[in-house]
Structure formats: structure tokens, C-alpha cells
Amino acid sequence: MAGRVFQSSLSQSKILELWRDTSALMGAFEAGGLPAVAARLQATLHSLENARLDIGITGGTGSGKSTFVNAIRGLGDEDPNSACTGVVEMTVDPTPYPHPKYPNIVIWDLPGIGTSRFPTGRYLQRVLLERYDFFIIITSDSFTAHHAQLACEILQRGKRFYLVRSKVDVDIAASRSRRPGTFSEEGVLRQIREDCGRRLRAEGLKDPKVFLLSMFELGKYDFHLLEELMVKELESHKQHAFLLAVPNVSKPILEKKAASLRQHIWLVATVACGVNPSPVPGVRDVACDLYVLISSLEGYRHSLGLDEDSLVRLAEQTGQPLHKILAAVQGWKTEVTEALVAELLGQASRDASAFTQELLGVPVPGALATCGISFTTIYHMLRTALDEVVKDARRVLTQAFLHDSDHELPDKGNQ
């Protein structure tokens with residue numbers, strides 16, 4: 001059971017809140033030692049484990065909303081469990097699509113707005129507005145009165161929405177073909193953005209912020225800006241789970257995931273050595289629950305896109321040979337087993353004494369570090385392992401987008 005704790009939707013702010021609540025944690029530590037602290041943290045993490053996030057995706061017919069439902073879950077349109085796509089309206093009822101790795105994240109493919117079956121005036125009532133944490137409104141052409149009216153109604157009912165202009169890659173390709181001599185990608189994107197803003201303001205929407213996307217190249221354009229804002233505006237206890245579920249398609253997203261995972265290494269280490277610990281074979285003076293660590297290390301690989309399914313899908317989506325994608329992974333490539341974790345702990349234990357000095361200056365982990373070598377060794381192992389996984393993920397992204405000089409375009413601001 002403890003191993004599943006770390007699949008919970010633990011938020012950045014919640015981690016910091018626990019970290020700063022040193023008086024309560026230190027009180028538990030002084031009263032009952034490491035097991036008391038671990039039990040307190042485990043109880044907190046268990047209360048967050050089943051947090052659910054529901055995202056409503058809507059837009060006009062042919063806007064690419066079903067493709068977006070698939071893309072944000074890391075799937076292609078032909079993958080099993082993908083949403084149906086087509087040039088005519090394929091969605092007649094709100095349809096839930098759980099994330100394949102994180103089933104508590106549910107993406108809803110909603111019917112197209114402004115149709116005879118779902119007129120704008122009764123749309124939110126028909127799709128059950130209260131069900132969703134937020135909405136993403138998508139168009140592949142110009143935003144219309146239907147989009148603006150829906151956005152205003154969502155806002156009036158206390159929900160958030162995000163506006164997406166899809167298929168900008170199609171517009172860019174068409175402009176390059178028609179005007180090769182004067183073509184400017186930046187100019188095309190600026191024109192699209194200005195047109196969207198002008199039309200939405202004309203329909204009464206104040207200060208609209210529009211994100212430009214290609215559904216088939218999420219790492220380009222504004223996706224990482226959209227992801228950053230969605231995470232920032234979510235309820236705190238849902239932020240971490242959503243961040244880990246977002247496709248690992250750009251370096252800005254990768255670095256945010258890595259930072260989020262690093263924030264809760266000390267929590268993993270505390271529970272691993274404080275709840276149901278057993279001596280680790282071949283590692284002197286270290287006792288822990290190996291299954292907690294197996295779950296965490298597997299979680300690192302899944303969330304950073306290094307599991308086999310993710311690597312195969314990345315090769316298919318980018319057109320890169322699979323063997324080159326796989327060769328970019330230089331860390332462990334086999335299933336995470338008890339033997340592998342014990343080996344990693346053995347390596348970390350050799351540096352544990354020196355590493356303890358680094359932790360002593362930090363209030364709660366510093367106190368935990370004095371408990372013995374188990375916490376320090378586990379913390380050091382997890383930090384080192386995560387750093388290696390992050391390096392592999394960077395190499396994979398570099399290889400996947402080797403010939404795409406524009407892939408880092410989303411580092412530019414949404415101006």
C-alpha cells in the first residue's frame with residue numbers, strides 16, 4: 001500500500017506547506033521518532049491520493065478538439081483508447097477519456113458548440129458545467145460569437161477557461177508556399193494572434209489570451225505557456241498530478257516536472273524508511289520498504305517519458321528511428337526490481353556520511369538525517385537516480401527533435 005502513496009496528486013504548494021510546518025513535524029519526531037513523522041506524512045499523502053481532475057475540451061466542428069484530447073494524454077489518433085476524430089462532428093455526448101498512466105486525470109471530449117444538438121445558450125447545462133475543473137475552447141479558424149458567449153458564461157459561473165487556436169502549422173505551411181520570398185513565421189503567428197484577440201474583444205470578451213498550438217507538434221508554439229498557466233491556476237492539491245500527466249514534449253515542461261519531483265524526494269525517503277522497513281540485503285545499516293522505492297523510480301521514468309510505450313510513441317510521432325531514441329537512454333533500461341534498488345542503495349551508502357552534512361542545515365530532513373544512515377542513503381539514492389533520469393529525458397528530447405531547429409520556439413513569450 002505504501003508504494004501507491006507516491007502516485008498521489010501531491011502539489012508543489014502542499015510539499016512546501018509540509019516542509020514549513022516544522023513545528024508539527026518536529027513535535028511528531030520528538031514524540032515518536034522517525035515512524036511518527038513517516039506516519040504523519042503518509043496520512044497526508046493518502047488524503048491526496050485520489051484527487052481527481054476533470055478537463056472539458058470543446059470547440060467547433062473540425063477544430064481538432066478530439067485530436068487534442070488524444071495529444072494531451074500522449075496518444076495518437078489511431079492508438080487504442082483514443083478519442084474518435086474526423087472532419088465532421090464525431091462527439092454527440094460528453095465522453096470521458098482517462099489518462100492512460102494517471103487515470104485520476106480525466107479529459108472530456110465535449111460536443112461541438114453552436115450545433116443544432118447543442119446550441120450555445122443551453123450548452124453548459126447540457127454538458128454539466130460543475131463537473132469540470134476548467135475548460136479549453138478550441139478553434140482552427142476564427143473565434144466567433146459562439147466561442148465568446150461560451151467563455152463569458154463559463155466565467156460568470158466561476159470556472160476558468162483557456163482559448164486555443166489550433167492548426168497554426170497548417171497556416172504557416174500555406175503562407176510559406178504562397179509567399180516564399182517574404183515569408184516570416186513570426187509574422188504569421190503575430191497576425192493570427194492579433195486577429196483572434198480582435199474578434200474576441202469585438203464579441204465582448206475582455207483581455208482575451210489566446211494560445212497558438214499544433215496538435216501534432218505540441219512542443220512547438222505556445223503549449224508550454226498554456227501548460228504553465230493551467231498548472232498555476234489549479235487548486236494546489238491538483239497541480240502536481242496534472243504536471244506529471246502532461247506530455248513530455250519540450251524542455252521547459254521537462255524541467256518543471258523534474259523540479260516538482262525533486263520537491264518530494266524527502267517525503268518519499270521518510271515514508272520508505274519509516275513505514276514497514278526491512279533490512280536491505282547487502283547494504284549495511286540500511287532498512288526500508290523497497291516497494292516504495294520501486295514505485296518511485298518507475299514513476300520517474302513514466303512521468304518523464306522514458307517507459308517503453310512512451311519512447312515508441314515518441315519515435316512514431318517524430319519520425320526518428322526507434323533504435324536512436326532508445327540509444328539516447330544511458331541509465332538503467334530494465335524493469336526496476338528489488339535487486340536494482342538494492343544496488344543503487346549500495347552505491348549511495350558509500351557517500352551517505354558526507355551527504356548527511358548537506359542535510360543538517362535543513363530543519364526537518366536535517367533532524368531525520370540524524371536518525372541513522374537509512375534516511376540519508378535513501379534520499380541520496382533518489383536524488384541521484386532522478387538526476388540521471390532527467391539527463392536521459394533531455395537526451396531523448398534532443399534526439400527526437402534533432403532536425404527541428406524551431407522546437408524551442410515556445411521559450412519565447414506569448415506576446
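**Helices, strands and their partners**

Q: Why are α12 and α18 called roughly parallel to each other?
A: Angles under 35 degrees count as roughly parallel, over 145 as roughly antiparallel, 65 to 115 as roughly perpendicular and the rest as oblique. Helix α12 (residues 290-303) and helix α18 (residues 373-400) pack at about 20°, with axes 10 Å apart, and therefore the two are roughly parallel. Here axes are lines fitted to C-alpha atoms, for helices over the stretch in contact, and angles run from 0 to 180 degrees between N-to-C directions. The model is a predicted one, in which local features need pLDDT of at least 70 and side-chain atom pairs count only at pLDDT 80 or more, while totals for chains, interfaces and linings use all residues. Residues are numbered from 1 along each chain as its sequence is written, and side-chain values use heavy atoms, leaving out hydrogens and water.

Q: Which residues meet where α12 and α18 pack?
A: From α12 come L293, S296, L297, Y300 and R301, and they meet I378, M381, L382, A385, L386 and V389 in α18; contact means heavy atoms within 4.5 Å. By class, this contact of α12 with α18 has nine nonpolar, one polar and one charged residues. Ala, Val, Leu, Ile, Met, Phe, Trp, Tyr, Cys and Pro count as nonpolar, Asp, Glu, Lys and Arg as charged, and the others, Gly among them, as polar.

Q: What makes α6 oblique to α7?
A: The axes of helix α6 (residues 168-178) and helix α7 (residues 185-202) come within 10 Å and cross at roughly 130°. That angle makes α6 oblique to α7. On the α6 side, V168, D171, I172, S175 and R176 meet E185, V188, L189 and I192 in α7. The contact of α6 with α7 divides into five nonpolar, one polar and three charged residues.

Q: Why is α8 called roughly antiparallel to α9?
A: α8 and helix α9 (residues 236-245) pack at about 155°, their axes 8 Å apart. This makes α8 roughly antiparallel to α9. E227, M230, V231 and K232 in α8 meet Q239, F242 and L243 in α9.

Q: What makes β2 and β6 edge strands?
A: The open sheet has six strands in the order β2-β3-β1-β4-β5-β6, with mixed pairing. β2 (95-98) and β6 (210-212) each have a single partner strand, so one side of each is left without a neighbour in the sheet. From one strand to the next, the twist averages 30°.

Q: How do you know that β2 and β3 pair?
A: Two strands pair if DSSP finds at least two bridges between them. Four bridges join β2 to strand β3 (residues 105-109), and the two run antiparallel. A hairpin of six residues joins β2 to β3.

Q: In which sense do β5 and β6 pair?
A: Strand β5 (residues 160-165) and β6 pair in the parallel sense over three bridges. L163 stands opposite V210 in β6.

Q: Why is the pair of F134 and Y162 called edge-to-face?
A: Rings of Phe, Tyr and Trp (its six-membered ring) pair if their centres lie within 6.5 Å; planes under 30 degrees apart count as stacked, over 60 as edge-to-face and the rest as tilted. F134 and Y162 are 5.3 Å centre to centre with 90° between the planes, an edge-to-face pair. F134 lies in strand β4 and Y162 in strand β5, 28 residues apart.
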